[in-house]
Every structure is written in structure tokens, then in C-alpha cells.
Amino acid sequence: MIPPLRILPATAFAFAAAATTCGDPPTPRPPPIPPETLAAEHEDWRMGRRNSLANPEGGVVSWIGLWELAEGSTWLGSDRTLAIVLPPEDSPPLAGKLDLAGGQVRLFAEPGSGIAVHDGDPVTGPIDLQDDRSGNTTILDLGSLSLRIHAERGTDRLWLRAWDRDSPRAAAFELPAYFPVTNEWRLAARFDPYQEPRGVPMADVKGGTVENISPGELVFRADGREHRLIAFATATSRDYLVMLRDSTAFADTYPLGRYMHVPFPDEDGWTVIDFNRLYNPPCAFTPYSVCSFPPRENRLALAVTAGEKRPEGPAYLPNR
């Protein structure tokens with residue numbers, strides 16, 4: 001979970017004394033946060049992010065496998081001839097099979113396989129698995145592994161995701177470096193809604209396409225120009241999700257782009273984009289992700305020298 005940004009009411013904005021360009025309306029300017037407060041709040045956010053990524057109960061850096069499920073039966077176990085191969089220290093040669101039919105996955109565990117419902121009883125008969133967008137996710141344990149069905153919004157594809165609760169990589173994980181935290185990258189943005197929310201198709205790192213719903217765009221000024229970012233949200237969202245790629249991607253930041261969360265606007269239609277909170281998508285840390293590329297409209301002709309830099313070490317860069 002990424003801690004939300006704090007949003008100030010419209011009355012707290014200080015309006016610019018003059019428009020940037022003759023004829024432009026005045027733009028609200030977020031009041032600066034004292035540097036020590038800004039730094040402390042950012043460090044709290046970073047620690048929350050680090051703990052989320054390294055969470056042994058499903059954090060990104062503990063993922064060890066992702067397999068797309070085809071209609072029909074898919075067998076799993078440590079036997080290397082199977083479609084889903086699990087580590088032999090955790091799984092018997094044949095652990096069971098997953099049957100996918102009409103969007104529903106059912107597990108048939110082999111007798112004595114060791115598969116159990118998370119923190120519960122061993123699976124002894126067929127069991128329907130609820131995916132991770134159902135609100136009632138089924139999590140299975142097998143040795144030090146946990147398994148769940150992963151579903152992507154805007155597509156009917158389903159995957160089996162596995163992670164290692166004893167992952168040494170997760171235990172040793174540290175966040176990448178960040179640009180200096182500054183008030184200069186806390187910018188006012190006007191929300192420009194569409195007449196109706198629209199679906200935005202985007203490529204993902206596994207060669208597919210997902211569709212996210214956008215209610216409108218965030219409009220802000222930087223480097224003397226106006227910029228727009230498509231924002232995503234559903235009826236249950238607590239803020240906007242924004243995916244973008246800027247010109248720092250050529251050298252300093254993750255080449256496929258970065259994500260951030262932006263608070264919903266106030267009653268006058270204004271919010272604050274804190275670019276200090278830009279973060280790497282899951283695919284920057286693991287090849288077992290189905291994260292989306294930013295839409296083409298969110299490729300900024302701007303160097304956003306704020307937020308998380310690209311990770312050191314292995315770079316997970318899909319050929320897309």
C-alpha cells in the first residue's frame with residue numbers, strides 16, 4: 001500500500017501574482033512545506049513503500065513465478081516436464097492441477113501434496129480459487145511458497161502467481177536512490193474531466209493489452225509550458241493513478257516509465273501533484289509482473305528530476 005499524499009484545501013493555495021503567459025488565468029501555487037517536514041514525511045512514505053515491496057506475504061521482490069493459465073487443465077509440481085514448475089524443496093513432483101473454465105479456476109490437489117489454504121487446513125478435494133481482484137482472494141501455501149490467482153483489470157487473462165515467504169532477496173531489499181526532495185516538484189494541477197469516463201488501452205510487459213478507466217486529465221505547468229496527464233480511477237479508487245514516462249528515462253530513471261498517486265481535486269477542481277512520490281512499477285524489480293506501460297499521451301517532453309531512480313543491478317526490461 002502506498003501512503004496517500006496529503007491535500008490542502010483550495011483556501012490554502014496561494015495564487016500566482018501574474019500569469020505565466022499573457023492572457024493565461026492565474027495558477028494556484030501550493031504553499032511550500034518546511035524542508036525538514038517535507039523530508040520527514042517523504043522518509044515515512046519511503047519506509048512504507050520499502051516494507052510493502054519486501055513484505056514476505058506477497059511483496060513484489062518475493063515473487064518467484066508467474067504463469068498464464070490456458071482454458072482447460074494445467075499441471076503443477078517440481079517435475080520439470082510440467083507447465084508450472086515449482087522449486088523441488090517446496091513441492092512434490094506432482095502437486096496437482098488447475099482447471100480453468102469460463103473464468104473460474106478450480107484446484108485439484110494430489111493426495112499428500114502438502115497444499116493447504118493459507119494458515120488453514122490441507123486441501124483434500126477440489127477447491128474453487130478466488131482471484132486477487134475478487135475481494136476474497138484464495139491464498140494457498142506449499143512449503144515456504146504461497147500461491148494465488150492473479151487477474152488483470154480490463155482483460156480476461158488469469159495467472160498463477162507464486163512467492164517465497166522466506167525470500168532472502170526480500171529480507172535484504174533496499175529501495176533505489178531518489179532525486180533530492182524539493183517543494184519545486186510539488187505542482188498545482190487542474191482536473192479536466194471527460195464528458196464520460198473512457199477506457200484507455202495500454203500494452204503490458206507480457207505482450208498483451210489491458211484497459212484502464214480514465215475520468216479525465218490532470219493539467220499542470222512546468223518548464224514554462226502546459227502539460228497533460230491521463231489519470232486513472234474507478235468508482236472505488238481513493239485517488240488517481242498516473243503512469244508517465246519523462247526524459248529522465250534515457251539515463252536516470254526506469255526506461256519504461258514510473259507511476260504515482262495523486263489526490264482527488266478539491267471543490268474548485270485543483271489538486272497537488274507531488275512528483276517526489278514517483279515510484280518504479282513492479283516490473284522494475286521482478287520479471288514476474290504484468291505491469292502496464294504508460295499510455296503514449298503520458299510521455300512528457302520534460303525532465304522530471306524527482307522521485308525514484310532506476311534500480312541498480314539486474315534490469316528487467318521487456319522487449320516491447
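**Pocket, strands and disulfide**

Mentor: The largest pocket holds about 1,700 Å³ of space. Keep in mind that this is a predicted model.

Trainee: Which residues are the closest to the centre of the largest pocket?

Mentor: Arg-133, Arg-153, Leu-241, His-261 and Tyr-279, out of 47 residues that line the largest pocket.

Trainee: And which helices or strands supply at least two residues of that lining?

Mentor: The helix α1 (35-53) does, and so do the strands β11 (145-151), β12, β14 (209-222), β16 (240-244) and β17 (258-262).

Trainee: How does the lining of the largest pocket split by class?

Mentor: There are 23 nonpolar, 14 polar and ten charged residues in that lining.

Trainee: β12 came up there. What is the order of the strands in the open sheet of five?

Mentor: Read across, the order is β3-β12-β11-β10-β8, and the pairing is antiparallel. The edges are β3 (63-68) and β8 (116-117), each of which pairs on one side only.

Trainee: How many bridges join β3 to β12?

Mentor: Five, with β12 covering residues 158-164 and running antiparallel to β3.

Trainee: Next, β4. Does β5 run parallel or antiparallel to β4?

Mentor: Parallel: β5 (residues 84-85) is joined to β4 by two bridges. Ile-84 in β5 stands opposite Leu-76.

Trainee: And what about β4 with β6, parallel or antiparallel?

Mentor: Antiparallel, over five bridges, between residues 72-77 in β4 and residues 96-101 in β6. Trp-75 has Lys-97 as its bridge partner in β6.

Trainee: Changing topic. How many disulfides does the structure hold?

Mentor: One. Cys-283 is joined to Cys-291, with S to S at 2.2 Å.

Trainee: Why is the disulfide of Cys-283 and Cys-291 called right-handed?

Mentor: Because the torsion about its S-S bond is about 120 degrees.

Trainee: Last thing, confidence. What is the mean pLDDT of the protein?

Mentor: The mean is 90, and 89% of the residues reach 70 or more. Residues 1-23 are another matter: the pLDDT there is below 50.

Key:
Residues numbered from 1 in each chain as written. Predicted model: local features only at pLDDT ≥ 70, side-chain atom pairs only at ≥ 80, totals over all residues. Heavy atoms only, no water. Pairing = 2+ DSSP bridges. Helix = DSSP H or I, 4+ residues; strand = E, 2+ residues; numbered from the N terminus. 1 Å grid on protein atoms, 1.4 Å probe; cavity = no way out; pocket = protein on both sides within 12 Å on 5 of 7 lines; lining within 4 Å. Points joined across faces, edges and corners; volume = space filled by probe spheres on them. Nonpolar A, V, L, I, M, F, W, Y, C, P; charged D, E, K, R; others polar. pLDDT = per-residue confidence, 0-100. Contact = heavy atoms within 4.5 Å. Disulfide = S-S within 2.5 Å.
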